[in-house]
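Let's walk through how the pieces of this fold pack together, one question at a time. Grab the viewer and follow along.

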Amino acid sequence: MAMAFKKIALVTGANRGIGFEIVRQLAIRGVRVYLAARSKGKGLAAAEKLCSQGLDVEFIVLDVSHRQSILQAFREFSEKESKLDILINNAAILIDRGSVLTLDQETLQTTMVTNVYGPLQMIQTFHPLIPRGGRIINISSGSGSLTEMNGYAPAYSISKTALNAITRLTSIELNDRGVAVNSMCPGWVRTDMGGEMAPRSIEQGADTAVWLALDAPSHLTGRFFRDRAEIPW
């Protein structure tokens, strides 16, 4: 069991990209972080890389697209920890780039399972462990903003809009418990998803999530952020 005073975090989809960088930045700040990924090999390698730098990181197998995997991860986590201060729902897929007029149901359903049902089930399963002052951060996108939406990747955009709705609804439910729930947009980042032409570094993409997890005022909840500033839904 970890020391009671140390903050505990869990980050999904964290073996690479923004998720990995969020884990790294949190761990540098003294947080014990559970790096969650669906691939045992890739997840272990990522966690070992950070542990070799003296950071307090542990791998946990977790595929957010399968409820049984979420439940098994919860059981394993609960055997080691009595609380979860920070939950960051980062795992997501982007598998479409066409028109909404030709979007097929299978692509939309597959996207929703990972990008929407997964984060919701993570919150439903893990919220009993989140204490007063805890934080939940949903990694969303400007593509999911009704104000900024431009037709890009319709299944992905729809899923991120739905994720923002989950942020609003869960923030209302958890407000009396003093748990802050927010969405954030990392911007266009140089990751496998964003591509090499993206203008932002992975460090920049992770910054707002880490700020929401550790430094943002606790009364900020049910909102949408980019670059530590609120943006419209």
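Q: How are H4 and H5 set relative to each other: roughly parallel or roughly antiparallel?
A: A quick note first: this is a predicted model, where local features need pLDDT of at least 70, side-chain atom pairs count only at pLDDT 80 or more, and totals for chains, interfaces and linings use all residues. Residues are numbered from 1 along each chain as its sequence is written, and side-chain values use heavy atoms, with hydrogens and water left out. The axes of H4 and H5 (residues 154–174) cross at roughly 20 degrees and come within 9 Å, taking axes as lines fitted to C-alpha atoms, for helices over the stretch in contact, and angles from 0 to 180 degrees between N-to-C directions. Angles under 35 degrees count as roughly parallel, over 145 as roughly antiparallel, 65 to 115 as roughly perpendicular and the rest as oblique, so H4 and H5 are roughly parallel.

Q: By class, how many nonpolar residues does the contact of H4 with H5 have?
A: Contact means heavy atoms within 4.5 Å, and here it involves residues including Leu108, Met112 and Ile123 of H4 and Tyr156, Leu163 and Ile166 of H5. Ala, Val, Leu, Ile, Met, Phe, Trp, Tyr, Cys and Pro count as nonpolar, Asp, Glu, Lys and Arg as charged, and the others, Gly among them, as polar. Alongside 5 polar and 1 charged, the number of nonpolar residues is 12.

Q: In what order do the 8 strands of the open sheet run?
A: Helices (H or I, at least four residues) and strands (E, at least two) are DSSP runs, numbered from the N terminus, and two strands pair if DSSP finds at least two bridges between them. The pairing here is mixed, and the order is E3-E2-E1-E4-E5-E6-E7-E8.

Q: Which strands stand at the edges?
A: An edge strand here has a single partner strand, so one side is left without a neighbour in the sheet. That describes E3 (57–61) and E8 (229–230).

Q: Are H1 and H6 oblique or roughly parallel to each other?
A: The axes of H1 (residues 17–28) and H6 (residues 202–214) come within 8 Å and cross at roughly 50 degrees. Residues that meet there include Ile18 and Ile22 in H1 and Ala206 and Val210 in H6. By that angle, H1 and H6 are therefore oblique.

Q: Which residues of H2 make the contact with H1?
A: H1 and H2 (residues 40–51) pack at about 30 degrees with their axes 11 Å apart, which makes them roughly parallel. Phe20, Val23 and Arg24 of H1 touch Ala46, Lys49 and Leu50 of H2.

Q: What kind of pair do the rings of phenylalanine 74 and phenylalanine 126 form?
A: Rings of Phe, Tyr and Trp (its six-membered ring) pair if their centres lie within 6.5 Å; planes under 30 degrees apart count as stacked, over 60 as edge-to-face and the rest as tilted. These two have their centres 5.2 Å apart and their planes at 85 degrees, so the pair is edge-to-face.
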